[in-house]
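These notebook entries record what I looked up in one structure. I took the chains and their interfaces before single residues.

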Amino acid sequence: MTTHMNTTLLTERKTAAAMHRSASNVSPGPVRGCAAIRVENLSLEYNGKPAFTGVSMAFTQNRITAIIGPSGCGKTSFLTCLNRLTDLVPRCRVTGRVTIGQTEVYAPETDAVSLRRRVGMIFQKPSPFPLSIRKNIELPLRDHGVRKKKHLEQTVETALRDVGLWSEVKDRLNSPATTLSGGQQQRLCLARALALEPEVLLLDEPCSSLDPVSSGVVEDLIVSLSGRFTIVMVTHNLAQAKRIAHDVAVFWMHDNAGQLIETGPCGDVFNNPSQPITAAYINGSRG
Amino acid sequence: MLDATAQAGLVGPGALPRGRSLDAFVTTAVWLGAGLIVAVFFWIVGDVFVHGVGGLSWSFLIDSPTHAGRGGGIGPIIVSTGLILTVCMAVSVPLGVGAGAWLAEFCPSTSLLGASVRRSLDMLAGVPSIVFGLFGNAFFCVYLGMGFSILSGGLTLACMVLPILIRSVEQGFGSVPGEHRRSAAALGMTRARTLAHVLLPAATPGLMAGLVLGIGRAMAETAALIFTSGYVDRMPQSLADSGRAMSVHIYDLSMNVAGGEPNAYTTALVLVASLLVINGATSAIGQRWLCGRSRG
Amino acid sequence: MSDKVLAWALRACGIVSGAVVLLIMFFLMQESLPALQRLGLARFFTDASWHPAADASQGRFNITAMVSGTLLTTAGAVLLAAPLGVVSAVFSHYYAPPRVARVHRRLIELLAGIPSVVYGFWGLVSLVPLLNALHPPGQSLLAGIVVLAIMILPTVALLSDAALANVPRSYLDGAAALGLTRWRTVWGVALPAARSGLFTGVLLATARAVGETMAVLMVCGNVVRLPGSVFDPVRTLTANIALEMAYAMGDHRSALFVSGLTLMGLVVLLVAAAGVFSRERVYA
């Protein structure tokens, strides 16, 4: 099932990408294997209280990186730094350096709106707009200058096929998105992000508010999308991280601020952690 | 939070029976008080209805008044009322929606400017209507040279309903979940488009409720109109003409015109009925809004 | 780019809306200034009577009778409406079955929507003749108090209702667990817990009573004299403006603006006090 979906996805993806390039110019991503996102000494403060400090790491192109660690150690805050969603939070200060592709995220000349278009994000709670299913996908596309009706229709269909929602909703594209189930809503949010052809996907505990079945569907979907996008996923679910992540980053609380204590390939971190805290965390949650 | 009375009731051995009889007495008193309010409501509305319904006819609604309003109908007065309301809403709605959207979406909660605007809107909401009348007369009629006109009256009312509109708009935006703003930002949508396509539709029921409340308030107003839109009961030819609103007509007929009472009653019936319809519309909108929100 | 334009346009709307109240104050002050300069404040209270003229030196400008008219009608109306309004809220929260409570609230809301001119008209044609039969002339302080009380009753009732709705459920459960009777629960627990909200309601209703024009204008008789009893006619500040504005010139007109400014100051104070008590934003 998954492999079949994968192949159809890939062919559709090519046509969608080709169409997209013709409509607007997206700079081609860097070569596979190099760092798609580089973070150097990144710190974040809310009202002068640090959420996390001194994080430096690199995210490899087209791989899934899971960020794990206990609650409140700044994982979600870290994620929102990558697409500058922190701009929406008053009295929030970011220091350090983030580079996505060739773009300096916090450089003054960088436009947050066009950056976010290249960096899709999915939240813990599915949050479709209170509009129709079709409008949910079309609205951001129109905002980015896609006007042709045919092109819009095609992109909506491709995005919905990408997330396996097309067959479920193709007859009711104009009904409100709020009538979908939680899992369907989350996949719609994913489709909405994919329609913009991002280079990076940020997933903030995308399965945690879903029932086990929907959670499994979304998880399979994330796996099927890896290889096409650089995916950064925050999760509390260690089993999930172990199942699907290629790389793992562990955050921990030190002196009332989150810090990155270990990164590495998934197998290494889980089977042979270099830090005793990591080992305790992984074993503790296992037992 | 328990005060001495309540605690005393617990300790005294004779407290319980005494408490019981007091309780029964108070229950009766409370029901009587509530009954009194209901009775007064029906007295007023019933009085207006019983005395007003006899004069009500199609021709009353379209004819011009004769003999200073003793005879004829209220056609031009309804037209003037409509024009005053139109001017009022045409000015206050765009301004109110803009200001409400700014306060709710663009103005940081720490902003000093936002706080002062909110404070002055609170004050504006408390200004007595006769003071609006004085201001409208001094500013619109005299200073801006509009004279006694529908324009002056409508603009004066616009100032009056502005705080009501802005509050409703702000509440409408406030009821839109924050996730929508965050999602829109994460999708790289501009704030302008987020506002126009995501937030505004979601806030519409609140805007509608405010609009209807504002219309109701403007229609009920008398004191602010006497010295701004004036008394002239002819059919207005333009917005620069003076025009008599329904509420002013009721006042004039009952105070200044001997024998004007029957027509004053009928006009009051028309006015109260329109307001009840508007009020009903408000609660219907509110209800649909609540249903829509619980579903979503 | 368009984001910047939009933000500026909306900010302009906000500033214009906020500036309206300043504009009102500016014009009130500007129009009041001639009278204040040529009469001074003292003459408003020391002159022999209220016989205004366009020229300050020819008229007499004592407004004591009107000020007391406003204060007396307001005080009477609040004394009448405040307990009744609170009773109405208590009724719909603790005594009425849910369906009756819902209908009761709707009625109060409808009462709040009736125009003041209709209250005044009803007072003039229904209430005044009754009072006239009791003690002529009918158009009196008492008539004003009753009509004004009915008018501000919905304000007290609706705000008290909201205040009682905010009393934490646990207080009431605690009272019930102690076996308190219903009235003791209401009197000893609910009303004290809601007192700041109730007080806010009464203050806002007072502000509304002070500023009300039409209802008192139509039923109070409008004689400029200190009333000897509740059956005597009075004239309020608001009624005075409404009656004389149409023909007032010069210093007379300016003196009316002074009374308008006084009213506005009084109401703004009351609203501000209500804001302090409720610690929330208040709109009348």
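The entries below go from conventions to interfaces and then to local details.

**Conventions.** I worked on a predicted model, in which local features need pLDDT of at least 70 and side-chain atom pairs count only at pLDDT 80 or more, while totals for chains, interfaces and linings use all residues. Residues are numbered from 1 along each chain as its sequence is written, chains are lettered from A and ligands numbered from 1 in the order in which they are written, and side-chain values use heavy atoms, with hydrogens and water left out.

**Entry 1: which chains touch.** I took contact to mean heavy atoms within 4.5 Å. Of the two pairs of chains in contact, chains B and C share the most contacts. Chain A and chain C do not touch, and I noted 11 Å between their nearest C-alpha atoms.

**Entry 2: chain B by itself.** I counted helices (DSSP runs of H or I, at least four residues) and strands (DSSP runs of E, at least two), numbered from the N terminus. Chain B has 12 helices and two strands, and I read their order along the sequence as α-α-α-β-β-α-α-α-α-α-α-α-α-α. I called a residue buried under 20% relative accessible area, exposed over 50% and partly exposed in between (1.4 Å probe, protein chains only). On that scale 54% of the 296 residues of chain B are buried. For contacts in chain B with a separation of 6 or more, I found that 73% join residues 24 or more positions apart. Chain B exposes about 11900 Å², with 67% supplied by carbon and sulfur atoms; this area comes from the Shrake-Rupley method with a 1.4 Å probe, and for residues only the protein chains shown count as cover.

**Entry 3: chain B against chain C.** The size of an interface is often given as the accessible area lost when the parts come together. I used buried area in that way: the accessible area (1.4 Å probe) that two parts lose on being put together, summed over both. Chains B and C bury about 7700 Å², and carbon and sulfur atoms give 79% of that area. The contact joins 89 residues of chain B to 86 residues of chain C. I then looked for salt bridges (a side-chain nitrogen of Lys or Arg within 4 Å of a carboxyl oxygen of Asp or Glu). Between chain B and chain C, six residue pairs are in polar contact, both residues at pLDDT 80 or more. Helix α2 (residues 15–52) of chain B gives the largest share of its side, 21 residues. That side of chain B holds 62 nonpolar, 17 polar and 10 charged residues, where Ala, Val, Leu, Ile, Met, Phe, Trp, Tyr, Cys and Pro count as nonpolar, Asp, Glu, Lys and Arg as charged, and the others, Gly among them, as polar.

**Entry 4: chain B against chain A.** Here the contact takes 18 residues from chain B and 26 residues from chain A. The two chains bury about 1900 Å², 65% of it on carbon and sulfur atoms. I found two salt bridges across this interface, one of them between the side chains of A:D143 and B:R193 at 3.1 Å, N to O. On chain B, the elements that give two or more residues to this side are α8 (178–186) and α9 (191–220). Helix α8(B) gives the most, with eight residues. The side of chain B that touches chain A divides into seven nonpolar, seven polar and four charged residues.

**Entry 5: B:S129.** I located B:S129 in helix α6 (residues 129–143) of chain B, where B:S129 is buried at 13% relative accessible area. Its contacts, not counting residues up to four places away in sequence, include B:M160, C:G211 and C:T213.

**Entry 6: helix α11 of chain C.** Seven of the eight residues of α11(C) (residues 237–244) are buried, so this helix is largely enclosed by the rest of the structure. Its buried residues pack against α6 of chain B and against elements of chain C, including α3 (64–95) and α12 (250–278).

**Entry 7: backbone.** I noted a cis peptide bond from C:P136 to C:P137, with omega near 10°. C:P137 lies in the loop between α5 (116–134) and α6 (141–165) of chain C. In chain A, A:N47 has a positive phi near 50° although not a glycine, and A:N47 is exposed at 53% relative accessibility.

Terms used
Polar contact = N/O pair within 3.5 Å; in protein donor to acceptor, adjacent residues only side chain to side chain.
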